[in-house]
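Biologist: I would like to go through this model contact by contact. Please show it first.

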Amino acid sequence: MSVLVVGSVALDSVETPFGKADDVLGGSATFFSAAASILTPVQLVGVIGSDYPVERLQPLVDRGVDLAGLEHADGPSFRWRGRYGHDLNAAETLETHLGVFSRFSPKIPDQFRSAPFVFLGNIDPRLQLDVLKQVERPRLVACDTMNFWIQSRRPDIIELLKHVDMVTLNDGEARQLTEKVNLVQAAKWIMDCGPKHVIIKKGEHGAFMFNRDSVFFGPAFPLENVFDPTGAGDSFAGGFIGYLARTGDLSEANMRRAVMYGSAMGSFAVEEFSTARLMSLTRAELDARVRDLRQLVTFEEELST
Ligand code: AMP
């Protein structure tokens, strides 16, 4: 089954302790698509400016990402500049230039409107809400956001929460949005606003999936070298939703497996700058890492006599 994603399509400039990259492919919709398309067809909605090197998106098309919803507008593309210190869990945003995103009004092509799975990637929550008005009863709608929008558009995010089934956030964003320090309380606060599922990502410390009656924890893969953490969150979401869309199964057992696909995908995303590692990733490598994750948390309980 296909996944519809709306989000930023960006040019990123990133500095990490291991190197620097300028004007590389980035954005929430780009990372999500690069990840999810390993598992299932993806339909992308977003906007690029006249300066975007559109030919660099061709490998995504070759992997099954439909760009019929990518608008080409006059003006500068969305640009994000960020830096990571030795704590690779925390990005410092140096510059955000919305460019053509500041005038963007998403138009979902007719052939995308019946997508069964929808991911509202990190963009202005007013645009995320606009998209929901144009789709026909998807089986699952998930959304993401970040500190930039929580600061400036918190009421719109809270309105959005009434209309989605699932939210993915990192721990800092969950605390900022809910004004709760404790993550269990933060997840409950979000579920009280509407969503049935909340995924709170904790970078190299794994991710929690909170459901109404259960909690599941998926570890992060212990990589020896993390090169560039940008896009890990969107790649997690791409692996998670991509796996659900591929299997079409929303049972709790399958959602737990999907968390492991999300975690595996996030771990590949950070091995190289931009989408480079995701684009060379094979399905066999992905499955092998999911098996490694399972191994990481499998143990035999000693039964008391
Ligand atoms: P993450 O998966 O959270 O690391 O997301 C990284 C991507 O988010 C980068 O490629 C950026 O281009 C994109 N990004 C950064 N700031 C924003 C923003 N305010 N709105 C939408 N996308 C953003």
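Biologist: Is the crossing of α7 and α8 left-handed or right-handed?

Modeller: This is a predicted model: local features need pLDDT of at least 70, side-chain atom pairs pLDDT 80 or more, while totals for chains, interfaces and linings use all residues. Residues are numbered from 1 along each chain as its sequence is written, and side-chain values use heavy atoms, without hydrogens and water. A crossing is left-handed if the near helix is turned anticlockwise from the far one by less than a right angle, right-handed if clockwise. For α7 and α8 the crossing is right-handed.

Biologist: Which residues of α7 make the contact with α8?

Modeller: Contact means heavy atoms within 4.5 Å. The α8 side includes Asn 254, Arg 257, Tyr 261 and Met 265. The α7 side is Ala 232, Ser 235, Phe 236, Gly 239, Phe 240, Tyr 243, Leu 244 and Thr 247.

Biologist: How many residues of that contact are nonpolar, polar and charged?

Modeller: Ala, Val, Leu, Ile, Met, Phe, Trp, Tyr, Cys and Pro count as nonpolar, Asp, Glu, Lys and Arg as charged, and the others, Gly among them, as polar. By that scheme the contact of α7 with α8 has 11 nonpolar, 7 polar and 1 charged.

Biologist: At what angle do α7 and α8 pack?

Modeller: Helices are DSSP runs of H or I, at least four residues, and strands runs of E, at least two, numbered from the N terminus. Axes are lines fitted to C-alpha atoms, for helices over the stretch in contact, and angles run from 0 to 180 degrees between N-to-C directions. α7 covers residues 232-247 and α8 residues 252-269, with axes 7 Å apart. They pack at about 140°.

Biologist: Why are α8 and α10 called roughly perpendicular?

Modeller: Under 35 degrees counts as roughly parallel, over 145 as roughly antiparallel, 65 to 115 as roughly perpendicular and the rest as oblique. The axes of α8 and α10 (residues 283-296) are 9 Å apart. The two helices are therefore roughly perpendicular, packing at an angle of about 115°.

Biologist: How many residues of α1 are buried?

Modeller: Buried means under 20% relative accessible area, exposed over 50%, partly exposed in between (1.4 Å probe, protein chains only). Phe 31 and Phe 32 are among the buried residues of α1. The helix is largely enclosed by the rest of the structure, so the count for residues 28-36 is 9 of the 9.

Biologist: Is Ser 274 buried or exposed?

Modeller: Ser 274 sits in the loop between α8 and α9 (276-280). It has a positive phi of about 55°, although it is not a glycine. Its relative accessible area is 10%, so Ser 274 is buried.

Biologist: Is Arg 137 buried or exposed?

Modeller: Arg 137 lies in the loop between α3 (125-132) and β9 (140-144). Its phi is positive too, about 30°, and it is not a glycine. At 82% relative accessibility, Arg 137 counts as exposed.
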